[in-house]
Amino acid sequence: MKLPRFIYHTKKKNGFVTTKILRIFSFKRKMRYEEYFEWPSWLKRPQIKNCGRNTYCGSNVSIPNHEETSIGAFCSLGHSIDIGHGVHPTHVLTTSPFFYNRECRWMLPDSPDYPHLWSQKILPVHIGSDVWIGNGVFIKNGINIGHGAIVGAHSVVTKDVPPYAIVAGNPAKLIRYRFSEDIIEKLLELKWWELDDDFLRLLPFEDMQKCISMLEQKRQKL
Ligand SMILES: CC(C)(COP(=O)(O)OP(=O)(O)OC[C@H]1O[C@@H](n2cnc3c(N)ncnc32)[C@H](O)[C@@H]1OP(=O)(O)O)[C@@H](O)C(=O)NCCC(=O)NCCS
């Protein structure tokens, strides 16, 4: 359910969210929490087994190894992204699977099998939490992308991406880090994405120092 754009204030009470509408409409509407928090249609879930909460993707995200690939929580994935695709053999006459994969229905019935050429394991990609992957990115199989990283639009990722790095290009190279080394160290220690939603919603997320001290206090209490 889409919230009307003129809503300017919401208030929680007894399992309801009261929405106050601009005065010209001078009326109030109560919604159930579940209705309020329902995802809009443009937020889709990546179709894999291990995907953290509040991670969404655009259309045309292809992940062949959906059993083993993992994506953390609060990740934003754009459109047309290829994550961990297979490889063809390069050291034989042809890279074409028609020569070695029976499923293509071209090999003679009595020719040998070539499982070492076509059924090589597609290594899973592991993506941390709070990662933003721009439109049109290709990520080679077996790659690890650290928590908090950003991959620029149309990048080709051939090497692991360190936490909180911003990488871009073909092949993807480091542009800069999102934060200073000491802040990155703290964030990796505090792992905010593991904490409960009711706490996270109240974080002053534009103020890194305040966030870090609130996260430290929260962690101490756990
Ligand atoms: C990666 C990104 C976040 C960096 O943004 P930024 O911090 O504003 O970076 P800048 O524009 O200052 O660029 C810094 C350098 O990286 C290069 N760069 C930035 N994005 C790049 C990209 N996608 N591919 C290649 N190079 C890129 C710039 O050319 C610049 O190079 P220079 O220092 O040699 O001049 C942004 O460019 C991007 O790709 N965003 C993704 C957008 C998207 O896909 N949105 C879909 C919705 S999820």
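Arg 105 is exposed, with 7 other C-beta atoms within 10 Å. This arginine is found in the loop between β9 and α2 (115-118), and its phi is near 60°, a positive value in a residue other than glycine. The model is a predicted one. The chain has five helices and 17 strands, and of its 222 residues 21% count as buried. Among contacts between residues at least 6 apart in sequence, 26% join residues at least 24 apart.

**Backbone geometry in loops**

- Asp 130 also has a positive phi in a residue other than glycine, near 55°.
- The loop that holds Asp 130 lies between β10 (126-127) and β11 (132-133).
- Asp 130 is buried, because 24 other C-beta atoms lie within 10 Å, whereas Arg 105 is exposed, with 7.
- A cis peptide bond leads from Asn 170 to Pro 171, with omega near -10°.
- Pro 171 has its place in the loop between β16 and β17.
- Pro 162 is in the loop between β15 and β16.
- Pro 162 counts as partly exposed, because it has 16 C-beta neighbours inside 10 Å.
- The C-alpha atom of Pro 162 is separated by 8.3 Å from that of Asn 144, although the two residues are 18 apart along the chain.

**The four-stranded sheet**

- Four strands form an open sheet in the order β6-β9-β12-β15, and their pairing is parallel.
- The edges are taken by β6 (61-62) and β15 (156-157); each has a single partner strand, so one side of each is left without a neighbour in the sheet.
- The partner of β6 is strand β9 (residues 81-83), which runs parallel to β6 and is joined to it by two bridges.
- Within this pair, Val 61 stands opposite Ile 81 in β9.

**Strand β16 and its partners**

- Strand β16 (residues 165-168) presents Ala 165 and Val 167 on a covered face, and Ile 166 and Ala 168 on an uncovered one.
- Strand β14 (residues 150-151) pairs with β16 in the parallel sense over two bridges.
- Val 151 has Val 167 in β16 as its bridge partner, and Val 167 belongs to the covered face of β16.
- Strand β17 (residues 173-177) runs antiparallel to β16, and four bridges join the two.
- Ala 168 has Lys 173 in β17 as its bridge partner, and Ala 168 belongs to the uncovered face of β16.
- The hairpin of β16 and β17 has four residues between the strands, and Gly 169 in this hairpin takes a positive phi near 105°.

**Surroundings of the ligand**

- Around the ligand there are 13 residues, of which Gly 78, Gly 134, Gly 152, Ala 153 and Ala 168 come nearest.
- This shell contains five nonpolar, eight polar and no charged residues.

**Contact of helices α3 and α5**

- The axes of helix α3 (residues 181-190) and helix α5 (residues 208-221) come within 10 Å and cross at roughly 35°.
- The crossing of α3 and α5 is left-handed.
- From α3, Ile 183, Lys 186 and Leu 190 meet Met 208, Ile 212, Leu 215, Glu 216 and Arg 219 of α5.
- By class, the residues of the contact of α3 with α5 are five nonpolar, no polar and three charged.

How values were computed: Residues are numbered from 1 along each chain as its sequence is written. This is a predicted model: local features need pLDDT of at least 70, side-chain atom pairs count only at pLDDT 80 or more; totals for chains, interfaces and linings use all residues. Two strands pair if DSSP finds at least two bridges between them. A residue is buried if 20 or more other C-beta atoms lie within 10 Å of its own, exposed if 12 or fewer, and partly exposed in between; C-beta atoms are placed from the backbone. A residue is near a molecule or strand if its C-beta atom, placed from the backbone, lies within 6 Å of it. Ala, Val, Leu, Ile, Met, Phe, Trp, Tyr, Cys and Pro count as nonpolar, Asp, Glu, Lys and Arg as charged, and the others, Gly among them, as polar. Two residues are in contact if their C-beta atoms, placed from the backbone, lie within 7 Å. Axes are lines fitted to C-alpha atoms, for helices over the stretch in contact, and angles run from 0 to 180 degrees between N-to-C directions. A crossing is left-handed if the near helix is turned anticlockwise from the far one by less than a right angle, and right-handed if clockwise.
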